[in-house]
Amino acid sequence: MDTGKSGKILIVEDEKKISDIVAMYLKKEGFGVTTADTGEKAMNLLKEPFDLIVLDLMLPDFPGEELCKIIRETSDVPIVMLTAKSGEEDRIHGLGIGADDYVVKPFSPRELVARVKAHLRRRGKLARRALSFNEGLLTLDTENHEVKKKGVPVVLTHTEFRILTILAERPGRIVSRLHLINMVQGYDFEGYDRTIDAHIKNLRHKIEDDQRNPVFIKTVYGVGYKFTGRSDED
Ligand code: CA
């Protein structure tokens with residue numbers, strides 16, 4: 001296995017042509033690349049940690065969506081999906097099950113590489129720095145577990161903090177309830193959607209000025225939640 005300086009990437013794709021070209025472009029950028037042409041092989045390789053996974057939706061043994069769900073049960077690794085399906089519903093579904101991004105075939109390898117780098121950059125930055133939204137109205141220090149509203153510390157439970165972090169690290173993306181349950185509690189958790197809804201309600205009570213018109217956490221009906229704060233870095 002090649003351990004690249006820029007990070008380790010797993011490509012799960014059964015079309016050799018695509019897998020080869022994506023691997024070539026990523027290696028050129030200094031990434032360590034490992035490839036798997038079936039879901040089963042990917043599962044075996046995933047016993048080792050990766051920095052990012054490029055995941056094809058149509059695999060010979062089982063659907064990429066399934067693999068994505070399984071990965072999300074235990075890991076927050078960025079996942080960029082490759083797919084031939086371009087419909088908006090598929091896109092939402094893909095993101096709803098925990099993919100961070102979606103690239104529709106045929107795609108430009110350069111664009112894929114740019115997105116891979118953007119995801120890794122964002123993760124690296126997020127791990128080190130405090131996040132600030134809406135001109136400092138809400139700040140989130142993921143390392144010190146500190147949240148402030150208008151500069152005043154807000155006391156959150158561990159679960160509330162995890163939910164807020166998961167959402168704030170994916171601004172503008174829909175995160176499904178199931179994904180939140182998996183990420184927060186792990187797959188042993190036999191919770192219900194309403195458990196997450198209750199946590200969100202408490203979170204809103206603590207960070208929003210008007211819970212009926214939230215500016216940070218919006219409900220996407222029938223799907224999940226979306227963080228809608230404006231990053232002060234952009
Ligand atoms: Ca395929």
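This is a predicted model: local features need pLDDT of at least 70, side-chain atom pairs count only at pLDDT 80 or more; totals for chains, interfaces and linings use all residues.
**The whole chain**

Colour by secondary structure. The chain has eight helices and twelve strands. Of its 234 residues, 47% are buried. Among contacts with a separation of 6 or more, 56% are between residues 24 or more positions apart.

**The aromatic pairs**

Select Phe-133, Phe-216 and Phe-227, which form one aromatic cluster. A pair of aromatic rings is described by the distance of the centres and the angle of the planes. Both values can be checked in the viewer.

Phe-133 and Phe-227 make an edge-to-face pair, with 4.7 Å from centre to centre and 65° between the planes. This pair links distant parts of the chain, since Phe-133 is in strand β6 and Phe-227 is in strand β12, 94 residues apart. Phe-133 counts as buried at 3% relative accessibility, and Phe-227 is buried with a relative accessible area of 1%.

Next, keep Phe-227 and turn to Phe-216. Their ring centres are 6.0 Å apart and their planes lie at 25°, so this pair is stacked. Phe-216 is in the loop between α8 and β11 (217-220) while Phe-227 is in β12, so the pair ties together parts eleven residues apart in sequence. Phe-216 also counts as buried, at 1% relative accessibility.

**The largest nonpolar core**

The largest nonpolar core has 26 residues, and the members that touch the most others are Val-147, Ile-163, Leu-164, Leu-167, Leu-180, Ile-217 and Phe-227. Select these seven as side chains. At least two core residues come from each of β6 (130-133), β7 (138-141), α6 (158-168), α7 (177-185), α8 (193-207) and β12 (224-227). Helix α6 supplies the largest share, six residues. In soluble globular proteins, nonpolar side chains tend to be buried together.

Nine of its eleven residues are buried, so the helix is largely enclosed by the rest of the structure. The buried ones are Thr-159, Glu-160, Phe-161, Ile-163, Leu-164, Thr-165, Ile-166, Leu-167 and Ala-168.

Then centre on Ile-217. Leaving aside neighbours within four places in sequence, Ile-217 is in contact with Leu-164, Leu-167, Ile-200, Leu-203, Arg-204, Ile-207, Glu-208, Tyr-225, Lys-226, Phe-227 and Thr-228. Apart from this core there is another, of 19 residues, with Val-22, Val-80, Leu-82 and Val-103 among its members.

On one pairing, β8 runs antiparallel to β7 over four bridges. Asp-141 has Glu-146 as its bridge partner in β8. The hairpin of β7 and β8 has four residues between the strands, and His-145 takes a positive phi near 50°.

β8 also pairs in the antiparallel sense with β9 (residues 152-154), over three bridges. Here Val-147 stands opposite Val-154. Two residues lie between β8 and β9 in their hairpin, and Lys-150 in the turn has a positive phi of about 50°.

**The calcium ion**

Select the calcium ion and its protein donors: Asp-14 (OD), Asp-56 (OD) and Met-58 (O), at 2.1 to 2.3 Å. Along the chain the donors follow the spacing D-x41-D-x1-M. Asp-14 sits in the loop between β1 (8-12) and α1 (16-28) and Asp-56 in strand β3 (residues 52-56), so the two tie together parts 42 residues apart in sequence.

Are these two aspartates buried or exposed? Asp-14 is partly exposed, with a relative accessible area of 33%, and Asp-56 is buried, at 1%.

**Two lysines over rings**

For the last stop, show Lys-8 with Phe-50. The charged end of Lys-8 sits over the ring of Phe-50, 5.4 Å from the ring centre. Then move to Lys-28, which lies over the face of Tyr-25 at 4.7 Å from its ring centre.

Definitions and conventions
Residues are numbered from 1 along each chain as its sequence is written. Side-chain values use heavy atoms; hydrogens and water are left out. A nonpolar core is a set of buried Ala, Val, Leu, Ile, Met, Phe, Trp, Tyr and Cys residues joined through side-chain atoms within 4.5 Å. Buried means under 20% relative accessible area, exposed over 50%, partly exposed in between (1.4 Å probe, protein chains only). Contact means heavy atoms within 4.5 Å. Donors are N, O and S atoms within 2.8 Å of the metal (3.2 Å for Na, K and Ca); water is not among the atoms, so sites may look incomplete. Rings of Phe, Tyr and Trp (its six-membered ring) pair if their centres lie within 6.5 Å; planes under 30 degrees apart count as stacked, over 60 as edge-to-face and the rest as tilted. A charge sits over a ring if NZ of Lys or CZ of Arg is within 6 Å of the ring centre and within 35 degrees of the ring normal. Two strands pair if DSSP finds at least two bridges between them.
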